[in-house]
Amino acid sequence: MGANNGKQSGSEGKGSSSISSDLSSSTDQTSTKAPKNAATSEDSDLSMRTVSTPSPALILPPRSSSAVLNGSSTSSSTFGTETIAMVHTPPTSLTHPQRGLRQPRDQQGAPIDILPDHAFLQIFTHLPTNQLCRCARVCRRWYNLAWDPRLWRTIRLTGDVLHVDRALRVLTRRLCQDTPNVCLTLEAVVVSGCRRLTDRGLYTVAQCCPELRRLEVAGCYNVSNEAVFEVVSRCPNLEHLDVSGCSKVTCISLTRDVSVKLSPLHGQQISIRYLDMTDCFALEDEGLHTIAAHCTQLTHLYLRRCVRLTDEGLRFLVIYCPSVRELSVSDCRFISDFGLREIAKLEGRLRYLSVAHCGRITDVGVRYVAKYCIRLRYLNARGCEGLTDHGIEHLAKNCLKLKSLDIGKCPLVSDAGLEQLALNSFNLKRLSLKSCESITGRGLQVVAANCFDLQLLNVQDCDVSLEALRFVKRHCKRCVIEHTNPAFF
């Protein structure tokens, strides 16, 4: 970067001020002391919102640790033990260009300054959130480019030490300066793994981002139902919601005030299509009933390890959400063949089904799915010990478009089942037989001789010979074989 830009960025810390009143002398490594007339209260930055930009650090984590924003580390500084969010003014040359120091003519500008604006914007699209904030502090031109609305369709923050509530408040406030209190450009907020996120941060998103379409708060276990309801109610275009690992979330619904204003069919007002509630341990059948009644447009639903769900919850799901294409109830130990009978009512719309480690499922339930869900392409039945060759035979003869099958840890599946699979499932690309005690090399050879497009085969902890593995490698040249035979390489 040119010398002129270098001097501008070197003085940028002189105009910085803290959001927190208790931070008057602690800034990041590139900042100097704030001027005496700098605001000291939390709301003081309102007076300079039109010329302020969030610090690239945005976070000052405890000493000897680093904050990570969008996968990029930033230097750490500490004030006590609390993580502080900072806001800085633009470079000095932005607000007082006459004060900038003149450089010799041969040193003015840099090769990068020759790039047109659209090239800069293309480069900036690949930068994480904190790096965009850093670029905004370089010079006047970069400041204007870095805050181009087209670059701020997504906010992505990660890190355990990140004070994410404050970071969201600072960023949304800056993005709302052209349209007060409303950010019309922001479509996605990804704060997965930010354990310090609370309902306060989600309230900020709900109030400022009505055009939000995607929200991911995976692993943010301090988030509760009330905040999620607020986002769903205020963001009518929300289609993708990931609350996996949020143990306090037991339901997805509109707020009571919104529900009263809408008609009895208000459940159709929620446009969520993708919902991930993996590890939401407190979710029960009643909660799933409410979710299904309100989110009737669901196409992707993941309920892994929601251990309190039963077959009754799946009955509600099928009644209200007939468009489900992908469904996972892995490790839901109360799901049985009756639940699969309900799932089979989705018929040809179902493409993906995972019932891994559902110990109550047998050939009866798989037969229902195979008979009606003929367009099924993925089935994970790992650990379903009641599954036998008869269930595999029904699956192979009816689901001719099956591409991926996981029947690991199914001790009753033998070579006879593999033969039926090989003679009917010619499109099979991925097959997992891990820890299938009854599988031998003969069954593998039949599969390899018929399924030429096989790309992945897992035979770990299976009693298969070295010759069988070599036979598979010869016939399926693109196949990756996962095995535990030290003689095969």
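My entries follow, from the whole chain to single pairs.

Entry 1, basis. I worked on a predicted model, in which local features need pLDDT of at least 70, side-chain atom pairs count only at pLDDT 80 or more, and totals for chains, interfaces and linings use all residues. Residues are numbered from 1 along each chain as its sequence is written, and side-chain values use heavy atoms, with hydrogens and water left out.

I found 17 helices and 18 strands, taken as DSSP runs (helices H or I, at least four residues; strands E, at least two) and numbered from the N terminus. Of the 489 residues, 52% are buried; buried means under 20% relative accessible area, exposed over 50%, and partly exposed in between (1.4 Å probe, protein chains only).

I searched the whole structure for disulfides (cysteine sulfur atoms within 2.5 Å) and found zero. The sulfur of C208 lies 4.5 Å from that of C176, its closest cysteine sulfur, which is too far for a bond. C384 is likewise in no disulfide, with the sulfur of C410 nearest at 5.8 Å.

I noted twelve, each a side-chain nitrogen of Lys or Arg within 4 Å of a carboxyl oxygen of Asp or Glu. One of them joins D279 and R305 at 2.6 Å, N to O; both residues lie in loops, and the pair ties together parts 26 residues apart in sequence. D406 pairs with R382 at 3.0 Å, and both residues are buried.
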